[in-house]
Amino acid sequence: MCGIVGIVATSPVNQSLYDALTVLQHRGQDAAGIVTVNDGNFKQRKANGLVKDVFETKHMYRLRGNIGIGHVRYPTAGSSSAAEAQPFYVNSPFGITLAHNGNLTNVRELREKLSEFRRHTNTTSDSEVLLNIFAHEIDMCSSGTVLTPDAIFAAVKNVNSMVRGAYAVVSLIIGAGIVAFRDPHGIRPMVIGRRTGEDGKTEYMVASESVALDVTGFELMRDVAPGEGVFITESGELHTRICADNPCLNPCIFEYVYFARPDSIMNGVSVYAARVHMGTMLTEKIRREYADLKIDVVIPVPETSCDIAVEIARNLGIPYRQGFVKNRYIGRTFIMPGQKQRKKGVRNKLNPIPAEFRDKRVLLVDDSIVRGTTSAQIVEMAREAGAAEVYFASAAPEIRYPNVYGIDMPSSRELIAYSRDNDEICRLIGADALIYQSLEDLKRAVMLENPELKRFETSVFDGDYITGDIDEAYLDFLDSVRNDDAKADKAWTDSTENLEIYNEP
């Protein structure tokens, strides 16, 4: 999962890009990058690290220009190489830079096409592959030195016909403007907003989440539609067109469970409201199937699940307490490669308040259970803090299948729910009772905010991969690059490479 942003304005955009990436930091903490255009040249800064660490004052001064794009990276296949920081760049045709959120499922086939196109990639990133495919199509669909909207949308349509998987893309083309597009299933999110510039003209932004618009003074216009292309010229003219046959909105439901900020609105749904509904649905299940539990207190595992836990406590008439203090300077354990790092990360990240646990029957609420590593340690910490009994509720159903659309879920064998039933999982995490949200209730929680949503991308729960191109061979390949051993090898390679990044120091 990554965060992307693009802005066309009538005044410098460097600060707005920085501010937008800061509030999209939850979507990726591995690397960050910004590219602007000034005097007909790209100005770039990208590196590993958080936004606040990558961009110093000297970099911001150099990132001049009224148009630019930005990216925060979360490595889907475990790579943390500085060479794979985005945006990526090619100098032909015109000069194009691109940032991408998602994952391409036919990337091996696309690499073969690039050989036919006589194009070269310098990294293992599927985003660089996508950039070169897009650049080739821009070259094929254009003529002369001026890019027309028709040529750009033709290129986007050709990309959509070749590429499979999930992708939300923002691209900056020298002499033309910003091009953004979203995959025909609308799996990964993208919104568009506008604001009035200092000269009274309209300025535009595209971003992964609406919160990026909020903090920079842009007004949310709408979501970019599945299969839609957006072209904003350097002079601020907005052009949009559907560039796919039979597009259909199937957003990733895990965005609402875990990844998106609660103050974002995506696909017409308030993330906060959806999480409140998840709490309501879980309450109904507790009353229906776990009425024998004598719960004294409801405690969230901070912080995605806080809104869900508050609603459960309110509906059950049971006290809600913040039983864990979170160290906000530790990265998400979900993202950390390697089991030892994840275990150490949980203990460093959360510390219990013993008074809230002592001699109480505690209902812990979390957004999801992936490997079970975090859940088991949290249950253990609750017991060590004096809890009499520990019950565990998950706002998401059992995660049994790997994600292929941009979330670094491990291989099936590393998922605690893979080939196990509720009792086995409960025993493994050490809980006295385990309550999972049903998939239908999870869907209903989101659909209550937008009844027009009919289908979601839910493959991690049910194994239904909506792009229709996922088979056992692909899942085996994914396992080979996502299991912990593979990530350890990749981390070693990344740390010892000597590839130079042409970048503003």
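Asn246 is exposed, with a relative accessible area of 74%, where exposed denotes over 50% relative accessible area, buried under 20% and partly exposed the range in between, for a 1.4 Å probe and protein chains only. The model is a predicted one, in which local features need pLDDT of at least 70 and side-chain atom pairs count only at pLDDT 80 or more, while totals for chains, interfaces and linings use all residues. Residues are numbered from 1 along each chain as its sequence is written, and side-chain values use heavy atoms, with hydrogens and water left out.

Asn246 has a positive phi of about 55° although it is not a glycine, and it lies in the loop between strand S13 (238-242) and helix H8; helices (H or I, at least four residues) and strands (E, at least two) are DSSP runs numbered from the N terminus. A positive phi, of about 70°, is also found at Phe94, likewise not a glycine, which is partly exposed with a relative accessible area of 27% and is placed in the loop between S5 and S6. That loop, between strand S5 (88-90) and strand S6 (96-104), also holds Pro93, and the peptide bond from Ser92 to Pro93 is cis, with omega near -5°. A cis peptide bond with omega near 0° leads from Pro302 to Glu303, the latter residue being located in the loop between strand S16 (297-300) and helix H10 (306-316).

At the level of the whole chain, 17 helices and 21 strands are present. The radius of gyration is 23 Å, close to the 23 Å that the globule rule gives for 505 residues, so the protein chain is as compact as a globular protein of that length; the radius is taken over C-alpha atoms, and the rule is 2.2 Å times the number of residues to the power 0.38. Buried residues make up 60% of the 505 residues.

Asn450, in the loop between helix H14 (439-447) and helix H15 (459-462), is buried, with a relative accessible area of 14%. When residues up to four places away in sequence are not counted, Asn450 touches Asn267, Gly268 and Val269, a contact being heavy atoms within 4.5 Å. A polar atom of the Asn450 side chain lies 2.8 Å from the backbone oxygen of Asn267. In H14 itself, the buried residues include Leu439, Leu442 and Val446, and the cover over the buried residues of this helix includes helix H8 (254-259), strand S15 (269-270), helix H9 (271-289) and H15.

Note on methods
Polar contact = N/O pair within 3.5 Å; in protein donor to acceptor, adjacent residues only side chain to side chain.
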